[in-house]
Amino acid sequence: MCGIVGYVGPQSATKVVIDGLRRLEYRGYDSAGIATIQDGLITFRKRAGKLGILESELEQNPLLNTHTAIGHTRWATHGGPNDSNAHPHISADGKVAVIHNGIIENFTELKNELLKSGVDFQSETDTEVVAHLLSEAMNVKDAELADALRSVCKRLRGAFTLVVVHADHPDLVVGARRNSPLVVGLGTAENFLASDVAAFIEHTRTAIELGQDQVVELRADSVHVTDFDGNAAQTSQYEVTWDIQAAEKSGYDTFMLKEINEQPKAVADTLLGRIRDNHIVLDDLKFDLDVLKSIDKIIITACGTAYHAGLIAKYAIEHWTRIPCEVELASEFRYRDPVLNEKILIIAISQSGETMDTLMATRYAREQGSKVLAICNTQGSTIPRESDAVIYTHAGPEIAVASTKAFITQVITVYVFALFLAQVRGSSMDIEALVREVSDMSAKVDVVLDTIEPVKQLAEQFKDASSVLFIGRHVGFPVALEGALKLKELAYMHAEGFAAGELKHGPIALIEPGVPVIVIVPPAKDSVLHEKIVSNIQEVRARGAKTIIVAEENDDIVEQFADYLIRIPQCPTLLQPVVSVVPLQVFAAEMATVKGYDVDQPRNLAKSVTVE
Ligand code: F6R
């Protein structure tokens with residue numbers, strides 16, 4: 001949600017910043033802008049629309065070659081996506097340029113104060129108040145930019161990453177963070193600031209994640225981090241383990257297709273080192289095993305696709321561990337006064353580790369005495385740092401806005417954790433057999449991808465459908481929800497996922513001749529579930545629906561009820577989502593392509609949602 005880049009060093013700062021913004025465009029693409037300092041003056045360009053529009057502007061109207069710059073790609077919150085609301089925002093005296101990710105909750109109060117003192121506002125954004133406040137703070141004799149930013153930050157409420165430059169300090173970039181991410185990239189005689197390491201990975205893999213309420217002063221040869229009171233802060237460096245190819249398309253038309261095809265590897269990487277002699281090993285899990293033995297309830301909290309992974313987790317956790325498990329949308333969690341205590345384990349699932357709704361739910365749960373386990377894909381991000389323990393999914397960087405490989409690895413990770421819990425609590429289940437089944441999943445996803453071609457033709461077939469329905473039972477229900485979410489967000493079509501048994505309680509009224517219904521069929525050997533879904537298929541066919549059936553390769557019962565049949569490998573019911581979701585991901589990506597939409601950057605969305 002908004003991408004931020006800052007650079008100080010010997011290279012062309014404009015080039016470094018624009019290249020960085022290209023890698024951060026997944027975070028928002030409503031507008032883009034850049035500011036540099038030339039001859040003691042802030043010079044900037046900013047344009048509504050995708051980064052390409054700013055690049056064209058820079059071709060026609062280039063910036064001089066400087067060695068300090070900041071840049072921004074925006075996901076609009078306050079004020080529409082137009083040129084004047086684009087960042088950077090400049091102070092009235094033209095000396096300060098500010099870029100921002102997050103929301104300043106008390107901006108109206110601050111804006112009124114500034115208006116009263118005669119400041120003229122150029123935009124409708126909350127960010128602009130910071131530019132003017134900072135300029136005021138810099139007007140004090142001998143003021144230092146970092147001091148000024150610290151004093152301004154103390155007046156702000158909400159979530160913010162701020163990165164600023166000042167015309168009188170051409171070799172300095174200052175950043176601050178509260179609740180939104182900001183990472184420092186440590187180079188040789190050059191340093192970087194960004195919302196995500198992807199922005200500078202081609203220059204350096206050594207990074208420092210800034211902590212809560214910290215300010216960083218970045219010069220070409222130094223990085224100085226303090227808290228908001230100016231006290232030196234402890235930082236720790238880490239090395240980014242993935243390389244530049246992981247953040248590039250590698251020959252695929254879109255990041256999403258690349259990421260879908262990376263799923264077998266993502267599953268294998270997530271399991272790597274966590275299975276030994278058909279047992280689960282979680283050596284780096286920072287939990288006292290007594291805590292895991294004593295919990296009597298689990299609550300999973302997450303948003304969007306990660307929430308769907310949580311819904312699947314509930315089936316696995318309750319079945320394998322017999323611990324009651326609830327799943328709750330993170331955006332609702334803390335507002336309903338949930339019952340929490342030290343016997344309840346919270347699992348927060350998040351690809352980015354920065355989703356504000358999930359972060360706030362996590363903080364709330366810890367305040368109430370519950371322990372929090374994060375399942376996260378992004379090393380060093382805020383949610384794992386603020387949790388009691390973390391299990392990282394090893395999906396690698398996910399650039400496409402629609403989540404695919406992160407989802408599959410979240411599901412794999414909850415299986416791993418649920419089996420670990422069962423092990424720790426002395427379950428009498430045949431854990432070894434289950435672990436073997438989980439280990440086979442990477443190869444099974446590969447099989448689905450090898451036979452995916454016919455799914456692509458389905459998109460052309462149904463591109464004019466006014467609505468697409470997805471139904472499933474048991475873990476097939478969250479898969480139906482996920483299939484519908486993917487289609488909504490990528491192809492802008494009306495799509496709904498239902499528990500198949502619920503159809504008769506209302507949604508079946510939506511069925512009319514020709515409506516495509518995608519059915520996720522449980523394994524044939526799960527005869528009770530299977531029989532039930534066969535009845536549901538007949539109910540929709542009797543009303544004229546076109547059925548697209550996702551079923552196991554040996555399932556010949558459903559064949560006769562299928563207008564279109566998509567085959568997936570056999571696996572136990574609980575593990576089936578790992579294979580059954582793949583055709584739904586491909587269907588949605590293909591539908592977006594057929595309709596001429598941007599697969600990687602769907603409208604109105606951003607990858608990392610750092611506002612509540
Ligand atoms: C949908 C999608 C979103 C995210 C949600 C949570 O394809 O990607 O629904 O799953 O915004 O994001 P994370 O997992 O980063 O917390």
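Select Ser352 first: an N or O atom of its side chain lies 2.7 Å from an oxygen atom of the ligand, a polar contact (a pair of N or O atoms within 3.5 Å). The model is predicted, so to speak of its local features requires pLDDT of at least 70, side-chain atom pairs count only at pLDDT 80 or more, and totals for chains, interfaces and linings use all residues. Residues are numbered from 1 along each chain as its sequence is written, and side-chain values use heavy atoms, with hydrogens and water left out.

A polar side-chain atom of Lys486 is 2.9 Å from a ligand oxygen, and one of Glu489 is 2.5 Å from a ligand oxygen. Of the 410 Å² of accessible area that the ligand has on its own, the protein covers 89% (Shrake-Rupley method, 1.4 Å probe).

Next, display the shell around the ligand. It holds 13 residues, with Ser350, Gln351, Ser352, Thr355 and Glu489 the closest (a heavy atom within 4 Å). The shell divides into 4 nonpolar, 7 polar and 2 charged residues, with Gly counted as polar. Colour helix H9 (304–321) and helix H17 (476–491), which each supply at least two shell residues; H9 gives the largest share, 3 residues. Helices are DSSP runs (H or I) of at least four residues.

Finally, move to the largest pocket, with a volume of about 850 Å³. Among its 38 lining residues, Trp242, Asn377, Thr378, Gly396 and Pro397 are the closest to its centre. A pocket is an open set of points on a 1 Å grid over the protein atoms alone, where a 1.4 Å probe fits, with protein on both sides within 12 Å along at least five of seven lines; lining residues have an atom within 4 Å of a point. Helix H7 (residues 263–271) contributes the most to this lining, with 3 residues.

Terms used: Polar contact = N/O pair within 3.5 Å; in protein donor to acceptor, adjacent residues only side chain to side chain. Points joined across faces, edges and corners; volume = space filled by probe spheres on them.
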